[in-house]
Amino acid sequence: MVIGFKRGLGWAIATLAFTAQPGWALPGQTVNLAETWIRNNPTLEPGPNERLTINRLVSPGQRFTFQASVFPVSGVVPNPDRRQIRTERFSLVDYANPIDSDRLDESLRAIYGQEIFNDYRQAEILLRYPERGRRPAPTDNPSLFLRGEVREGERFAYWQEIAYDRAGNAYLGRMAVFLKADLPALQAQLDL
């Protein structure tokens, strides 16, 4: 009787350990763990052939994309360890319902869970752009205006960006969760 109970308890613990929970496959984890987490994440719901990238066309004009990558968020320096995820990012395109930072924040919470959401909310804001009163550079796309911020939390770094059209409507928003070691390269890229 005791042996059966211990065996049953062992199976229950093993099941919990291998069940993907929000926040389990994060930058710094292996590609295999990220694939398992994505496959079992109820918010992401990947298709049969989707491994590290998920593309959802909800309706015409509404799209969701998620990608886990071995490359740093800045894309500048290749990662010597191709088995480690460095960046996870998602983007929302919605021409029916304008995107704001609250919607991106809620998407982050839905994908990663409360623990990572709290790390993001308590993170220090390192950079906001554009600076107040700054006009877009002449080389920038005149049809788009980007507003974003970079944060450093206890566990991870975060980059949120929203694109506005000339009328001030936001139809594209994106967020990245990435390793804090990659912050200097991203900040240098954004300061240009």
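Before I name anything: helices (H or I, at least four residues) and strands (E, at least two) are DSSP runs, numbered from the N terminus. With that in place, look just past α3, where Gly-113 has a positive phi of about 95°. We'll come back to that helix in a moment.

First, the housekeeping. This is a predicted model, so local features need pLDDT of at least 70 and side-chain atom pairs count only at pLDDT 80 or more, while totals for chains, interfaces and linings use all residues. Residues are numbered from 1 along each chain as its sequence is written, and side-chain values use heavy atoms, with hydrogens and water left out.

pLDDT, by the way, is the predictor's confidence in each residue, from 0 to 100. The average here is 83, and 78% of the residues score at least 70. Contact means heavy atoms within 4.5 Å.

Now the overall picture. You've got five helices and seven strands, running α-α-β-β-β-α-α-β-β-β-β-α along the sequence. Of the 192 residues, 39% count as buried; that's under 20% relative accessible area, with exposed over 50% and partly exposed in between (1.4 Å probe, protein chains only). Of the contacts with a separation of 6 or more, 53% are between residues 24 or more positions apart.

Okay, back to α3. This helix covers residues 101-112, twelve residues in total, and reaches 16 Å from first C-alpha to last, close to the 16 Å expected at 1.5 Å a residue. That expected span is 1.5 Å times one less than the number of residues. Which residues of α3 are buried? Leu-104, Asp-105, Ser-107, Leu-108, Ile-111 and Tyr-112. Looking down the axis of α3, these fall within an arc of 160°, so they line one face of the helix. The arc is taken from the directions from the helix axis to the C-beta atoms. An α-helix has 3.6 residues a turn, so residues three or four places apart point the same way. Covering the buried residues of α3 are, among others, α2 (31-40), β2 (62-69), β3 (87-94) and α4 (114-121).

Asp-105 is buried, at a relative accessible area of 5%. The side chain of Asp-105 makes a polar contact of 2.9 Å with that of Tyr-120. A polar contact is a pair of N or O atoms within 3.5 Å; within protein, one must be able to donate a hydrogen and the other to accept it, and residues adjacent in sequence count only if both atoms are side-chain atoms. Leaving out residues up to four places away in sequence, Asp-105 also touches Phe-117, Arg-121, Gln-160 and Met-175, as well as Tyr-120.

Then there's the loop between α2 and β1 (53-59), which holds Asn-41. Is Asn-41 buried or exposed? Buried, with a relative accessible area of 3%. The Asn-41 side chain reaches the backbone nitrogen of Thr-43 at 2.8 Å, and one of its polar atoms lies 3.2 Å from the backbone oxygen of Ile-111. Glu-45 sits in the loop between α2 and β1 too, but is exposed at 54% relative accessible area.

Last stop: the peptide bond from Tyr-129 to Pro-130 is cis, with omega near -5°.
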